[in-house]
Amino acid sequence: MKQITWVLFPIFLLLCSCTTNPAEHVSSETNTKDFALRKGRIHPSFSSDSALAFIQKQCDFGFRLPNTAEHDACGNYLVQKLNSYGCSTTVQSFTAEAFDGTKLKGMNIIGQFCPEIEKRVVLFAHWDTRPVCDNDVESNWHKPVMGANDGASGVGVLLEVVRQLQMGGDSIGVDIVFLDLEDYGKPSFDQQEKKDTWCLGSQYLASHPYYKCRPRMGILLDMVGAKNPFFGFDQVSLYFAESYLQKIWSIAKSLGYASAFVPKESGTIMDDHYYINTVAQIPTVDIIDFNHDRGFPMTWHTVNDTPENIHKETLQMVGEVVLSFVRGE
Ligand SMILES: [Zn+2]
């Protein structure tokens, strides 16, 4: 993912406004308070140890770069884990062309929890890793990113979420979608002009729906494992899914996580939720660690994006917020 310019955003809104439905208004401050009251503000059971183990396991496969055995082995592991937690799992295989013309074999992995239930939400994270450390010193530019935070953290939290749903005996319609080829965007040191080079898996998914009945809303997790995170309101989420954004951040506040979930505008992010919102038209919120003062976390697109730099406290808060929200929907 990357930040897109503020200058272009109004043009983008103009282009989108005639093709998309306004975000569904489902909640209010009052509803959120009722929800917190109903739930007694109890922290849901969520194990950050377990989420961290899922992150470590993904990294143990090596770099999850498309067209490699490491990538495919990790993909098979994710399918097997979703199956083991009671999901009905399918793989959407596709080929996409990278910015440099390389043909990339992609796998969007889709696990449906309680697939018989029509009323559904969808939770996304990307599972591929970036082939270049283009935010690092120049000598590291051509090394791949391990992606403990950028990729594996969102997947790790979602695997733990679905494990908790199964253990809790929940009967709710939740789709877990692990998107591929998010992070193969044009490197910052490449000067050629190319559009839409990021988020190739979500671009494919958005134009090839995996569902008969569209989920009502979505949450994307991206970089949810760094120390002292800042989860703010990005412009794309705000435009397409404001009511959900407000509701999720209110839940975070009720759980005591207001210092990380800050209900202020953070910036304009090009991430998988852009295509899910604009093409698939599922109102989708991005929970992503970013603000326009400090940018993405320190390890972003560097060789230091490793499991040692993951903080369990951050995984814990994100996991609890997502579980609370999903159970209240
Ligand atoms: Zn990235």
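Guide: Let us start with glutamate 329, which is buried, its relative accessible area being 19%, where buried means under 20% relative accessible area, exposed means over 50%, and partly exposed lies in between, with a 1.4 Å probe and protein chains only. The model is a predicted one, in which local features need pLDDT of at least 70 and side-chain atom pairs count only at pLDDT 80 or more, while totals for chains, interfaces and linings use all residues. Residues are numbered from 1 along each chain as its sequence is written, and side-chain values use heavy atoms, with hydrogens and water left out.

The partner of glutamate 329 is lysine 247, and their side chains meet in a salt bridge at 2.8 Å, N to O; the term requires a side-chain nitrogen of Lys or Arg within 4 Å of a carboxyl oxygen of Asp or Glu. Because lysine 247 lies in helix 7 (residues 235-254) and glutamate 329 in the segment after helix 9, the pair ties together parts that are 82 residues apart in sequence. Helices here are DSSP runs of H or I with at least four residues, strands are runs of E with at least two, and both are numbered from the N terminus. Lysine 247 counts as buried as well, at 10% relative accessibility. Salt bridges that share partners join Arg216, Lys247 and Glu329 into one network.

The structure holds 9 salt bridges, among them one between the side chains of arginine 163 and glutamate 160, at 2.7 Å, N to O. Both of these residues lie in helix 5 (residues 148-167), 3 residues apart, about one turn of the helix, and both are buried. Another of the salt bridges joins the side chains of arginine 130 and aspartate 134 at 2.8 Å, N to O, and these two residues are also buried.

Aspartate 183 and histidine 301 are both buried.

As for the setting of these sites, the chain has 9 helices and 10 strands, and 61% of its 329 residues count as buried. With contact taken as heavy atoms within 4.5 Å, 81% of the contacts in the chain between residues at least 6 apart in sequence join residues at least 24 apart.
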